[in-house]
Every structure is written in C-alpha cells, then in structure tokens.
Amino acid sequence: MHLEVKVALNFIVSYLYNKLPRRRADLFGEELEKILVSRFVGHWYPEAPLRGSAFRCIHLGAQRDPVVELAAKRSGLDTEEVRANVPAELSVWIDPFEVSYQIGEKGAVKVLYLEDPPVMGCDELGHTSTLPLSFFCHLWSVGMSIIYDTGLSGSRSGASWCSGSDGRGMYHTCQ
C-alpha cells in the first residue's frame, strides 16, 4: 500500500512544485500521505484489487475532495492553491498493484504504476496459496495446463479461482 500511495503522491506533488515553494508542496504531500494510509487501512484488498477502488480514488482540481482539503489545511495551504495548480478534473486511483489517473470525465485513463500481482494457486492437495505469476508460467512450460479466471469481467488483475491438470490425471481446483 505504501508504495502505491507514494507513486500517487509524487505524481500529484509534481504539479505543485511548478507553482508553489518546494517545502510547502512537500508538507502537503506528507499530510496527504498520512491521511491516505490511515484511510486505506481496512480498505486494501490485494486479493481483489478492484474492490474498494472508488473509495481509494481521490479527486483534485474542480471537485472538492475532503481528503485533499484536510491535507491542505494541515499543511497550511489554501485548498484553492492546490486546486489551481493541478489539472481540472484530475482523478487518481490508488489500488493494490496499480496507480492510474484520468484528467476530465472523458479523458483516457493512464497508468502510473503497474505491478504483476501474485495469483491464487493451489498445491497438489488443493490447498490455496498465493503464488507469483512466474510459477504458473513454469507450470505451463512443463506441460501442466492451467485455467485462469479473474472472476471479474474486465478486471485488471487478481485471480478468484484456478484449476488445472498436472498431466498425471490429477485435477485441482481452488477458490
């Protein structure tokens, strides 16, 4: 969570560096980081990264996000100073394994940070475990077939179930 929050903050504060003194922009970033990290506790789901995405979206610019207002107040900035120095209608999504942003309601969503999440797998006894994607690539290369489903239509990452045959007639399913 901390890495994704840092990526988002670096992006947001970079707009402020061009217009405000660096120390004031840094203070705003520090306050926003504290607020976001405490806000995301209990709302961070690496096993289902899109769950809670709307809650973890922050709006800067034209819309007034209470989180941004609080960070501005705590750092001694006027909310208008922040809003005036970031693109109008800037939205930033901070999700497990991905940070993205959009400028304007019809603007393209652009990715700032993307990490391959671990996927849910199962061992020979059917126990569920978190395994890196490279493990499944290895299984594929040695001839084990894997059926992989994210469980969410159009999802960016995460696995809700998998099943596979190990070539010895053993068939495994985990959820």
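**View 1. Asp65 caps the N-terminal end of helix 3, with a side-chain oxygen 3.0 Å from the backbone nitrogen of Val67.** This is a predicted model, in which local features need pLDDT of at least 70 and side-chain atom pairs count only at pLDDT 80 or more, while totals for chains, interfaces and linings use all residues. Residues are numbered from 1 along each chain as its sequence is written, and side-chain values use heavy atoms, with hydrogens and water left out. A polar contact is a pair of N or O atoms within 3.5 Å; within protein, one must be able to donate a hydrogen and the other to accept it, and residues adjacent in sequence count only if both atoms are side-chain atoms. Helices (H or I, at least four residues) and strands (E, at least two) are DSSP runs, numbered from the N terminus. After helix 3 comes Gly76, with a positive phi near 85°.

**View 2. Helix 3 (residues 66-75) has the buried residues Val67, Val68, Ala71, Ala72 and Ser75.** These residues cover an arc of only 135° around the axis, which puts them on the same side of helix 3. The arc is that of the directions from the helix axis to the C-beta atoms. An α-helix has 3.6 residues a turn, so residues three or four places apart point the same way. Pro66 and Lys73, on the other side of helix 3, are exposed. Buried means under 20% relative accessible area, exposed over 50%, and partly exposed in between (1.4 Å probe, protein chains only). The cover over the buried residues of helix 3 includes helix 2 (22-40), strand 1 (57-60) and helix 4 (79-84). Contact here means heavy atoms within 4.5 Å.

**View 3. Asn85 sits in the loop between helix 4 and strand 2 (90-95).** Asn85 counts as buried because its relative accessibility is 17%. Its side chain reaches the backbone oxygen of Glu81 at 2.5 Å. Not counting residues up to four places away in sequence, Asn85 touches Tyr15, Leu16, Lys19 and Leu20.

View 4. At 41% relative accessibility, Glu89 counts as partly exposed. Phe97 counts as buried, at 11% relative accessibility. In the unreviewed UniProt entry, the annotation "domain: Anti-proliferative protein" covers residues 86-105. UniProt positions are given in the numbering used here, feature names are shortened, and annotations may be inferred rather than shown by experiment. The span of residues 86-105 is 0% helix and 60% strand, and its end C-alpha atoms lie 15 Å apart.

**View 5. The structure holds three aromatic pairs.** The ring centres of Phe11 and Tyr101 are 4.5 Å apart and the planes are at 35°, so this pair is tilted. Phe11 lies in helix 1 (residues 2-17) and Tyr101 in strand 3 (residues 98-103), so the pair ties together parts that are 90 residues apart in sequence. Phe11 and Tyr101 are buried. The rings of Phe40 and Trp44 have centres 6.0 Å apart and planes at 20°, so that pair is stacked. Rings of Phe, Tyr and Trp (its six-membered ring) pair if their centres lie within 6.5 Å; planes under 30 degrees apart count as stacked, over 60 as edge-to-face and the rest as tilted. Phe40 is buried at a relative accessible area of 0%, and Trp44 is buried at 16%. Phe11, Tyr15 and Tyr101 form one aromatic cluster.

**View 6. Arg22 lies over the face of Tyr17, and Arg39 over the face of Phe55.** Arg22 is 3.9 Å from the ring centre of Tyr17. Arg39 is 4.2 Å from the ring centre of Phe55. A charge sits over a ring if NZ of Lys or CZ of Arg is within 6 Å of the ring centre and within 35 degrees of the ring normal.

**View 7. Val13 is found in helix 1.** Val13 is buried, with a relative accessible area of 6%. Leaving aside neighbours within four places in sequence, Val13 is in contact with Ala25, Asp26 and Gly29. From Val13 to Phe28 the C-alpha to C-alpha distance is 8.0 Å, and the two are 15 residues apart in sequence.
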